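Hello,

Here is the structure I said I would pass on. My notes on it follow below.

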Amino acid sequence: MRNICFLILLFIVSSCSKEVYMFSSFHEPADEGLRFLYSYDGYKWNDLDHVFLKPVIGDQKIIRDPSVAKGPDGTYHLVWTTGWKGTKGFGYASSKDLIHWTNEKSIDVMAKEPETVNVWAPELFYDDEEKQFIIIWASAIPFRFPKGQEDENNNHRMYYTTTKDFKTFSETRLFLDPGFSVIDCVILKQAKGKYVLVLKDNTRPNRNIKVAFSNTPLGPYTNISEPFTDKLTEGPAVVKPGKEWLIYYDSYGTKKYGAAKTYDFKTFEDASKEITVPEGHKHGTIFKVPKKVLEALKREAG
């Protein structure tokens with residue numbers, strides 16, 4: 001009875017809301033382009049089954065790991081991985097409606113590091129206190145850090161740049177060196193002065209997801225937790241549909257999507273049986289849009 005009441009309440013709240021959740025997405029082998037899922041409650045996701053932006057830049061012409069964040073002026077900004085290796089930057093485009101996009105361009109954030117192997121999974125975060133966007137990503141620079149268990153071409157650390165207009169960018173700096181290979185990070189704001197970083201420990205045999213903490217969005221992040229997912233998990237995306245936080249992740253070892261639920265980022269419970277994620281969906285980010293934006297996307301998708 002309690003579960004039924006909860007579902008009814010969730011339905012009422014979602015029906016009254018003027019916003020819906022969007023989940024940026026791509027399908028392997030990533031050469032088709034940007035896709036979206038949508039949800040009214042943050043748990044059950046539907047696929048629009050349409051490509052809204054086709055990749056035209058980069059040698060490999062792919063869109064992987066699409067991250068979307070909305071600016072204070074209502075513009076949606078998109079960044080993505082443009083190649084597995086041999087890239088010094090990430091892709092960028094913007095839109096007012098998620099349908100019509102500006103010309104794609106590459107932001108070559110690692111141009112001053114000629115030995116850079118890759119630029120993976122750029123993630124956007126809007127810092128509402130400093131009024132700027134923070135973009136973080138993973139790169140491997142051989143022999144830059146202690147090797148540990150990883151091959152030099154897979155020994156990643158996180159880097160960042162900031163921008164207010166996506167025309168000028170701050171100098172690229174090291175964002176996170178936890179002492180091991182790390183990728184797929186997401187910045188969250190719990191409250192003023194309380195930030196959480198969701199990260200993938202990319203070392204063998206771990207390859208699982210953890211969290212760390214800071215009082216500023218740029219860190220330093222400390223007190224890295226024990227993993228709260230199984231091995232072979234990556235691509236976290238986070239949503240807060242109620243008092244709880246849901247951390248979605250790609251369980252690529254089992255070829256399924258999973259989720260962990262937490263209220264405090266100290267204790268986690270498996271919420272995988274509570275979610276529905278369409279088959280084929282891969283690493284993206286979750287954000288909100290007005291319902292009218294979703295309706296326009298549905299019409300565009302036919």
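Strand β14 (residues 208-214) pairs with β13 through seven bridges, and the two run antiparallel. One of the facing pairs is V198 with V211 of β14. Six residues lie between the strands in this hairpin, and R207 has a positive phi near 50°. Please keep in mind that this is a predicted model.

The hairpin of β12 and β13 has two residues between the strands, and G193 takes a positive phi near 80°.

Is β13 enclosed or open? Seven of the eight residues in β13 (residues 194-201) are buried, so the strand is largely enclosed by the rest of the structure.

A second topic is an open sheet of four strands, in the order β3-β2-β1-β19, with antiparallel pairing. Its edge strands, β3 (46-47) and β19 (286-290), each pair on one side only. Helix α2 (residues 291-301) packs on this sheet and touches β1 (19-25), β2 and β19. The direction of α2 makes about 95° with that of β19. Between strand β2 (residues 35-39) and β3 there are two bridges, and Y38 has N46 in β3 as its bridge partner.

Last, a loop residue. T276 sits in the loop between β18 (269-270) and β19. With a relative accessible area of 41%, T276 is partly exposed. Leaving out residues up to four places away in sequence, T276 touches Y43, K44 and W45.

Regards

Notes
Residues numbered from 1 in each chain as written. Predicted model: local features only at pLDDT ≥ 70, side-chain atom pairs only at ≥ 80, totals over all residues. Heavy atoms only, no water. Pairing = 2+ DSSP bridges. Contact = heavy atoms within 4.5 Å. Axes fitted to C-alpha atoms, helices over the stretch in contact; angles between N-to-C directions. Buried < 20%, exposed > 50% of the residue type's maximum accessible area, 1.4 Å probe, protein only.
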